[in-house]
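Dear colleague,

I am handing over the structure below, followed by a short account of what was found in it. Please read the two together.

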Amino acid sequence: MMIPMFERIVSSHVGSFPLKHSCENIVRSFRDMVNIGIDIPPFPQMRSFIEMYLKPLENAGLIKAIDQRYLTSEEVLLNAKIAEIGIEEATIISKEAKKFNIQILRAPITGPFSLASSIYLTKGESLSATALARKNIVLTFFKEYVKSIVKKMVSLNYKFIVIDDPMLANVIGKRIILYGYSEEEIIDLYNEIFKEAADRITGIHVCGRLSPKLVNILAQISKLNVLNHEFKDSPENMAVFSKGLLEKYNKILSPGIVSSRNLEIESFEETYGLLRNLISKFGNRVNIVTADCGFKALKMPNISYEKAYSVAIRKLKLIVEAVSKANKELAPV
């Protein structure tokens with residue numbers, strides 16, 4: 001589909017919250033997002049973003065959870081058939097959203113590289129012992145698995161399909177790509193995945209510091225609309241993007257403007273200043289504003305769930321306020 005150019009800048013959230021996993025908390029945090037004015041709310045994640053998408057594979061007997069790690073063999077994955085996938089959080093919010101006038105729901109889906117990096121095929125602690133290091137598995141099994149998840153989210157009427165794949169920042173460095181992947185293989189992989197969301201807005205979220213090579217590869221994924229990255233805790237990411245690159249490949253830059261791992265709540269001036277600077281540099285390519293990442297990291301040993309959650313909500317309110325002022329005072333060009 002053509003890149004969506006909203007009439008105004010909108011807000012969203014990457015997905016996770018620092019609460020215990022329960023149906024009640026899933027609904028609670030979704031309603032809180034709606035009430036504070038998040039334009040494109042996701043289904044909330046309280047479970048690990050890895051666990052929630054590997055659990056169906058464990059239930060199907062394709063992987064085993066032993067000593068806090070997932071184990072399987074190359075043979076099992078290469079011969080596996082993908083069954084229909086059900087994600088509890090997505091189903092709950094698909095139904096809950098019908099009670100509100102939410103035009104677009106965000107589906108945060110863990111990407112193939114991050115899922116593969118959590119499944120061990122051999123003994124060892126390094127990534128070379130995981131399925132990530134076997135590109136034949138990633139380019140076949142994990143491609144089809146993530147495609148099946150995207151297809152499921154589309155069937156639940158999620159209109160913003162986002163692949164969360166932070167492991168990409170480890171695989172694609174400044175000069176080399178690990179484990180034998182080529183640029184073309186990575187681009188083709190994501191284009192195949194996003195084919196299942198042909199009539200939806202598509203995005204990718206990679207947090208942390210980005211290399212120019214990674215950004216250039218992501219920009220070339222033709223079926224990808226939105227690039228969602230952190231700019232508060234990784235201000236150096238400003239230098240790896242250009243308005244020309246975003247225009248050349250017709251991409252929206254979805255910036256994180258508050259920290260997702262620091263309990264200190266930013267000032268409005270700081271937050272709005274960052275958004276203003278981004279718009280000044282990238283113009284109307286800036287939209288769908290978020291925090292740097294999900295808020296799971298705010299739950300620290302000496303902080304209660306409620307305290308951490310209150311910080312997350314206040315940060316989301318700050319984003320909504322900054323976006324509101326930008327829509328009133330700034331005219332991106």
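Is Asp67 buried or exposed? Asp67 counts as exposed, because its relative accessibility is 72% (buried means under 20% relative accessible area, exposed over 50%, partly exposed in between, with a 1.4 Å probe and protein chains only).

This is a predicted model, in which local features need pLDDT of at least 70 and side-chain atom pairs count only at pLDDT 80 or more, while totals for chains, interfaces and linings use all residues. Residues are numbered from 1 along each chain as its sequence is written, and side-chain values use heavy atoms, leaving out hydrogens and water.

Asp67 is located in the loop between β1 and β2 (strands are DSSP runs of E, at least two residues, and helices runs of H or I, at least four, numbered from the N terminus). Its phi is positive, near 50 degrees, in a residue other than glycine. Ile288, also not a glycine, has a positive phi of about 50 degrees; this residue lies in the loop between α11 and α12 and counts as buried, at 0% relative accessibility.

Arg106 belongs to strand β3, residues 106-110. Arg106 is buried without a salt bridge, and the nearest side chain of opposite charge, Asp164, is 4.7 Å away (a salt bridge requires a side-chain nitrogen of Lys or Arg within 4 Å of a carboxyl oxygen of Asp or Glu; Lys and Arg count as positive, Asp and Glu as negative, and His and the chain ends are not counted).
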